[in-house]
Amino acid sequence: MAKEMNLVIVESPAKAKTIGKYLGPDFKVTASMGHLRDLPKSKLGVDIDDGFRPDYQPVKARESTIKELRSAVKNSAKIYLATDPDREGEAISWHLKELLKLSDDRAFRVTFNEITKNVVKASIENPRPIDMGLVDAQQARRILDRIVGYKLSPLLWKKIRRGLSAGRVQSVASRMVVDRENDIRAFVPEEYWLLNAILSSDKGKGTFNAAYHGTVAKKTELNSEEAVEAVISAVTSDSFRVHSVKRADKKRSASPPFITSTLQQEASRKLGMTPRQTMMIAQQLYEGIDIKGSGTVGLITYMRTDSLRISDDAARDAKKYITDNFGKDYYPESPNRYKSKGSAQDAHEAIRPSDVSMSPDSISGSLKKDQLRLYRLIWSRFLASQMAPAIFDSLTVDVVSAGHVFRANHTVISFPGHTAAYESHSEEKVEKVSALLGLAESDPLSLEEITKEQKFTQPPARYTEATLIRAMEESGVGRPSTYAPTISTILDREYVVKEGKNLRPTSLGEVVVGLMKERFSDIVDLKFTARMEEQLDNVETGKDNWQNLLGSFYGGFSDTLERAEKALEGERIKVPDEVSEEACDLCGKMMVFKSGRFGRFLACPGYPDCTFTKPIVVEMPGKCPKCGSRILKRTSKKGYAYYACEASKECGYMTWDVPTADNCPECGQTMFKLSGRGAKKPFCINEKCKNFTPEDARGYRRKKQDTDGGEAVSDDSKGAESTKAAAKTTTRATVKKSTAKKPAAKKTTAKKTTTKKTTVKKAKA
């Protein structure tokens with residue numbers, strides 16, 4: 001009789017491959033491919049009258065996987081359920097146990113905060129039962145969101161438009177974007193003035209700039225030109241002298257290691273990644289990458305966490321790496337520890353490399369471009385979090401004239417500390433003003449020039465995906481696993497659109513949020529949603545029962561829903577058209593934004609008399625180098641961005657490089673930069689300019705000739721980056737018309753729609 005093996009079930013094949021490498025021949029590792037059992041899509045699937053009993057059904061698309069798992073279970077002695085170490089992962093394990101009818105003496109739960117040989121083996125040797133607190137918390141969340149979505153969405157369909165949806169967290173996120181837009185509209189700018197004195201001393205070290213600070217008695221703001229002129233009149237009639245000189249050493253501690261929200265924010269800021277991209281790539285790094293010479297290795301710890309805690313082993317390894325590679329001075333007197341927020345679940349460590357000795361440079365050949373960039377970000381941030389503070393020599397000089405104080409600063413780094421590994425978003429700009437050195441109290445100064453500049457306060461900035469995540473985290477809305485999916489949902493529903501990196505509510509989003517605020521104020525109340533998250537945490541820890549939580553919520557929700565349906569009976573809420581700044585080419589009316597199968601577009605409001613439409617493109621900074629017209633961002637048939645002159649037929653200029661707001665200091669023409677994420681250095685493309693950067697010096701990828709004799713293609717043929725690289729040509733100035741025959745047009749009886757040109761929205765430089 002063949003020896004029975006032990007079965008380990010994970011979610012993904014990549015994770016199965018990594019774990020399988022660490023376990024011996026007595027183990028078979030297979031993947032469930034995610035959820036195999038869930039609430040049905042066709043109905044509510046929750047018996048509210050029977051204690052909110054859920055009707056879980058096998059997922060039809062996973063029938064073959066279920067069959068394979070049932071067969072594997074029959075031939076296995078023990079079954080280890082090794083799904084992700086969070087609420088959802090615990091729920092998936094429970095669903096697997098129920099679906100596969102596993103008994104307690106055969107089914108065991110194991111989790112891996114990091115997928116390394118030691119952790120995997122230790123977990124297998126120390127299994128535990130399924131944590132029903134985690135399962136019940138996830139069940140409560142799932143059923144709660146199902147009730148809100150399936151009860152509210154039909155009301156939105158009837159009163160606004162079919163296909164809409166509402167949700168406990170997505171509706172709050174939409175409200176946050178709408179509220180920010182209302183704050184921007186209501187903002188009233190206030191005038192203020194900047195006043196700067198350019199000064200010099202008889203010690204001959206050049207000039208320095210001192211900004212107006214106030215009077216000797218207190219700091220003062222200049223809010224009118226009259227106040228500015230009064231100060232100028234006073235100080236130009238008097239002499240300047242040094243009032244005080246203050247020197248200090250400033251220590252700046254490192255930022256803590258990443259948690260989910262800060263990783264998404266920093267990846268957006270530094271790498272240009274969306275939260276969805278960040279989490280997808282982080283999942284790959286966690287589950288395992290094939291590393292040359294090492295096989296499949298899990299490179300980071302679990303990426304859905306709100307804890308800043310790190311293990312003693314990780315801290316010890318970081319200390320060794322820092323002292324070996326940077327020196328003993330770069331390690332603090334005692335290990336750095338960071339306190340998590342009070343609302344943090346603290347179920348896992350912070351996001352860190354599984355093995356800090358595996359530096360990004362040492363494995364760069366085994367990682368794809370974005371994997372390497374994100375791994376470097378995580379690795380560097382963790383390493384810096386364990387390093388000594390940076391020390392800055394700070395010099396502040398106050399200058400006085402006629403009782404008015406002007407202040408100048410000089411800062412220089414004396415010990416880099418953690419900045420040798422990673423510079424965070426919070427690092428202050430270091431100013432070097434050598435003319436301040438050597439100044440002493442009461443030294444006389446000469447006024448070389450005084451400048452004034454009128455300014456106005458700016459409205460609050462629109463949210464980006466990163467700043468919305470930060471606001472959600474600060475308000476207690478959602479949890480690490482829900483941030484990215486929530487933002488994706490409100491974008492997919494077109495309640496919110498992206499303009500550059502900014503999120504702007506659509507008319508549809510404002511109407512839906514308005515209805516929710518009027519009729520379902522609790523659902524879109526930030527504090528209510530945050531309290532609900534706390535109650536779910538209580539279910540997890542056993543302080544509350546999941547059915548009691550649902551019962552306490554549903555009573556009030558049901559009454560509110562009934563009142564709303566009565567109040568809105570017979571009413572249909574119209575979504576106002578979003579009017580663009582583009583006039584219809586045929587009739588001159590201002591065009592409006594519409595949505596179709598392929599996304600948003602512009603249409604003439606005079607339909608059906610006028611059927612003119614055109615796609616939306618973005619106007620880029622700079623001017624066409626051939627004719628001086630505007631440059632527009634367009635999208636190819638394969639979905640890749642390129643940039644073309646608006647006078648396409650007359651001019652024909654196009655490029656895959658990105659126009660910038662910078663002009664060449666020599667010739668004044670628009671400068672370009674390479675496409676792709678991250679900081680790129682602008683270059684001049686004007687061959688007649690002495691600042692011209694030849695193509696072979698711009699950083700394009702090496703190309704080889706296509707075997708079909710077509711245009712050159714990149715060695716790295718994967719993804720959009722390679723397609724862009726492949727399309728870069730010598731002049732990038734002219735687009736030749738394709739000689740390929742177009743497919744015959746399909747006959748249709750529908751009214752013909754005229755489509756021409758493009759509309760334009762300004763892109764930020």
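**Charged side chains in the predicted model**

Arg 37 lies in strand E3, which spans residues 37-38; strands (E, at least two residues) and helices (H or I, at least four residues) are DSSP runs numbered from the N terminus. The structure is a predicted model, in which local features need pLDDT of at least 70 and side-chain atom pairs count only at pLDDT 80 or more, while totals for chains, interfaces and linings use all residues. Residues are numbered from 1 along each chain as its sequence is written, and side-chain values use heavy atoms, with hydrogens and water left out.

Arg 37 is buried but forms no salt bridge. Buried denotes under 20% relative accessible area, exposed over 50%, and partly exposed the range in between, with a 1.4 Å probe and protein chains only. A salt bridge is defined as a side-chain nitrogen of Lys or Arg within 4 Å of a carboxyl oxygen of Asp or Glu. The nearest side chain of opposite charge to Arg 37 is that of Glu 98, 5.0 Å away; Lys and Arg count as positive, Asp and Glu as negative, and His and the chain ends are not counted. The side chains of Arg 37 and His 95 are joined by a polar contact of 3.0 Å, that is, a pair of N or O atoms within 3.5 Å, where within protein one must be able to donate a hydrogen and the other to accept it, and residues adjacent in sequence count only if both atoms are side-chain atoms.

In total, 47 salt bridges are present in the structure. One of them joins the side chains of Lys 15 and Asp 84, with an N to O distance of 2.7 Å. Lys 15 belongs to helix H1 (residues 13-22) and Asp 84 to the loop between strand E7 (76-81) and helix H3 (87-99), so the pair ties together parts that are 69 residues apart in sequence. Both Lys 15 and Asp 84 are buried.

A salt bridge of 3.3 Å (N to O) is formed by the side chains of Arg 337 and Asp 312. Arg 337 is found in the loop between helix H10 (312-325) and helix H11 (369-385), whereas Asp 312 is in helix H10, and the two are 25 residues apart. Asp 312 is exposed, with a relative accessible area of 55%.

The side chains of Glu 646 and Arg 630 also meet in a salt bridge, at 2.8 Å from N to O. Glu 646 is partly exposed, at 33% relative accessible area, and Arg 630 is partly exposed at 27%. Salt bridges that share partners join Glu 181, Arg 462, Glu 499, Arg 504 and Glu 578 into one network.
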